[in-house]
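Dear colleague,

Here is the structure I promised to pass on to you.

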Amino acid sequence: MGGCTNRDEPKIMKTFFSPRSVAVVGASTRPDSVGRAIFSNLLFSGYTGIVYPVNPKAHGILGVRAYHSVWDIPGGVDLAVIIVPSTAVPGVLEECGEKGVKGAVVITAGFKEVGQQGLELERQVKDVTTKCGISLIGPNCLGIINTDPEFSLNATFARSMPRVGNIAFISQSGALGVAALEYAHEQNIGLSKFVSMGNKADVTENDLLTGLKDDPQTDVILLYLEDLSDPKTFIEQAKQITGDAQHKKPILAIKSGRTAEGAKAASSHTGALASSDEAYDAVFIESGVLRVETLEELFDYAQAFASQPLPKSNRIAIVTNAGGPGIMATDACIRYGLKLAEFEEETTDKLRTGLPRTANINNPVDIIGDAKEDRYELALRSVLEDENVDGVIAISTPQMMTDLEAVAKTIVDTASTYEKPMLTCFMATEDISETLRILDEKRVPHYLFPEAAARAMANMAEYAWWIQRPRTDVRTFNDIHKDQAKRVLHRVKKEGRSFLPEPEAHDVLEAYGFPVLESRLVKSVEEGVTAAERIGFPVVLKIVSPDIVHKVDVGGVKVNIQTKAELRRAYKDLLENVKREKPDADIWGVFVQKMAAKGKEAIIGMNRDPHFGPILLFGLGGIYVELFKDVSFRIAPLRELGARRMIRQIRGYKMFEGFRGEPPSDTEAIAECLQRLSQLVMDCEEIDELDINPLIVYNKGDGAMVVDARILIR
Ligand code: ADP
Ligand code: MG
């Protein structure tokens, strides 16, 4: 990581973070008022520009001459911070526009968050800013901070100005922003920029990401989000920053509201499973953004990213002076996807020679409770020099003979001579502030518990993988017949239906090159016999009705029919079942389908979300799909790597890998189906939901087969 020189500062950065003068409209003399807090923060945080308090009633504020309106300010104004009552905001903005102000931060609340009237007011605000060419942060926000000493701008009403650092924090919630600022302060974590976005009437996370991409002060970006203003743009922007920019920066995000709030009442499995939270997961995975759950995690990881080099891969060495924490760290490493490095012989030789006989010279290296700094040095150097080690976690639990400060000094000195990440864990409950200061000063992250260090390291390794990932494209299949698919969809639409029974879905998928079974729609038992003879036994019979979505539920599927006689019986049975279970259903006939060979059942599908677009799903199929919810999601269009990753991502992936001596499955065939599905739903926007369940997957090289499909159009 590291900065870069930045000649063409993006407009948003210039407007909000490099103003030469700031007007505080609604600055106040009243103690405990927001108008006073913001003004005094600006005044006393060392801002290098000029601050103008604006208040029609005050003569001066905190000793500074006040102005009646923005108009009265003698010089130019770059940025306005607005704290006036909500109904006065549009007027103030209008004045700012006339004054030539380029940016406004509207702190005032009482807009869309309070209902219809507020929404209307917010619309007015938006209109004024568009008309006047003002960029606006807020309304209903806490303000912004730029710690860069060249500006030292604190336009918030938070109590503390963060230390200078290389972490930017963007928060959609003001309250959470305050909590984050205080936490960072208390933990000695430095920030570069802070933005409370409020209602995002104008400036959104996407604009801020654009700005922070090349910000030389920022190496890590933290987001607290409640929604995404424009998921597609977010993916593009974030992906640029995390993976493709010249100076890549990790983005860590909390998205609150993990519960399945948005799951709509859907008739497809995919529709039922694809809640909006899964869509966020998909967005983050696709853009290389690391999603975390808590503020604590957010800053734990941020500190590691902000101060340590990335590991090349995920092979970790642990050096500890106590067995228990070493084992806990080991378990945590494995749980979070890291590997314990296997040392080269040279390393174990060095450890054997240098450490007492009772020490454990294998990973995790236990240098024993009476270890002094010399043992730490020997062990750390040995493992850091090992080619098989990508990163190190050093653990120290205080014992009578441990000089913690000396140990900390040794660790920071050793760490600084290698280009490998070093995270530490000092498991002390008494005051070890001097020890921690040594670590902070040399920017070696420290954690209270080994799991936290392991998780931070795992996130670094994951991000390192993302940066090095093979870049693939969205594959375009040329063997497809788009018109054929469109013709079917068009006909369904014309007939005023939204549900495509299996034969129609079968035709659409066949047109897009999916592997489908030979099948025929028949109207009578005799037609059925002829069709079965043409297809070849064994066959399957399925009811075809625009009113029946789940065929098995009404006794509408008969599998493994071996003879003509069996077929006649099954045909009769099938119709009787459906008559009984669903007497009013309009029956088109019966689908005679080749019986597919046995294999592993998977599901693939799509649910079109109004906000995110087509969300693709993959999971274990069959009857347990909604019970275990072992599925993964991506937003279309899907790249080749995305398809492979979404298959590997499910918990049950082992099923396809060759479990207990079984041969591995044809996951490449699944990946191809997913990519064809992506192309289909990108081409045909009328498709609202689509399920292929099951997709039967065969052994590697033998492909996969669509056995059932349903499509819903809008
Ligand atoms: P539903 O509408 O109830 O989902 P399906 O067409 O998926 O009906 O059939 C139910 C089950 O029957 C499938 O999950 C699959 O296990 C089996 N099945 C259906 N068609 C075939 C086929 N052609 N070959 C083999 N098994 C099949
Ligand atoms: Mg099915």
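The notes below go from the whole protein to some of its parts.

Please keep in mind that this is a predicted model, in which local features need pLDDT of at least 70 and side-chain atom pairs count only at pLDDT 80 or more, while totals for chains, interfaces and linings use all residues. Residues are numbered from 1 along each chain as its sequence is written, chains are lettered from A and ligands numbered from 1 in the order in which they are written, and side-chain values use heavy atoms, with hydrogens and water left out.

The C-alpha trace of the protein spans about 100 × 80 × 40 Å along its principal axes, and the secondary structure comes to 24 helices and 31 strands (DSSP runs numbered from the N terminus, H or I of at least four residues for helices and E of at least two for strands). Of the 714 residues, 57% count as buried, where buried means under 20% relative accessible area, exposed over 50% and partly exposed in between, with a 1.4 Å probe and protein chains only. Among the contacts with a separation of 6 or more, 72% come from residues 24 or more positions apart, a contact being heavy atoms within 4.5 Å. The protein exposes about 30,200 Å², and carbon and sulfur atoms supply 50% of that area (Shrake-Rupley method with a 1.4 Å probe; for residues, only the protein chains shown count as cover).

In helix 2 (residues 34-44), the buried residues are Gly35, Ile38, Phe39, Ser40, Asn41 and Leu42, and what covers them includes strand 1 (21-25), strand 2 (50-54) and strand 9 (153-156). Just after helix 2, Gly46 takes a positive phi of about 90 degrees.

Strand 23 (residues 539-544) is largely enclosed by the rest of the structure, because 6 of its 6 residues are buried. In a regular strand the side chains alternate between the two faces of the sheet. Here Val539, Leu541 and Ile543 lie on one side and Val540, Lys542 and Val544 on the other, and all are buried. Strand 23 pairs in the antiparallel sense with strand 24 (residues 557-561) over 3 bridges, with Leu541 opposite Lys558; pairing requires that DSSP finds at least two bridges between two strands. Strand 23 also runs antiparallel to strand 25 (residues 589-594), to which 6 bridges join it, and there Ile543 stands opposite Val590.

The magnesium ion (ligand 2) is coordinated by Asn693 (O) and Asp708 (OD) at 2.2 to 2.3 Å; donors are N, O and S atoms within 2.8 Å of the metal (3.2 Å for Na, K and Ca), and sites may look incomplete because water is not among the atoms. Asn693 lies in strand 29 (residues 687-697) and Asp708 in the loop between strand 30 (704-706) and strand 31 (709-713), 15 residues apart. Asn693 is buried, with a relative accessible area of 10%, and Asp708 is buried as well, with 11%.

Strand 31 is largely enclosed by the rest of the structure, since 5 of its 5 residues are buried: Ala709, Ile711 and Ile713 point one way, and Arg710 and Leu712 the other. Strand 29 pairs with strand 31 in the antiparallel sense over 5 bridges, and Asp691 has Arg710 as its bridge partner. Strand 21 (residues 499-500) is also antiparallel to strand 31, over 2 bridges, with Ile711 as the bridge partner of Leu500.

With best wishes
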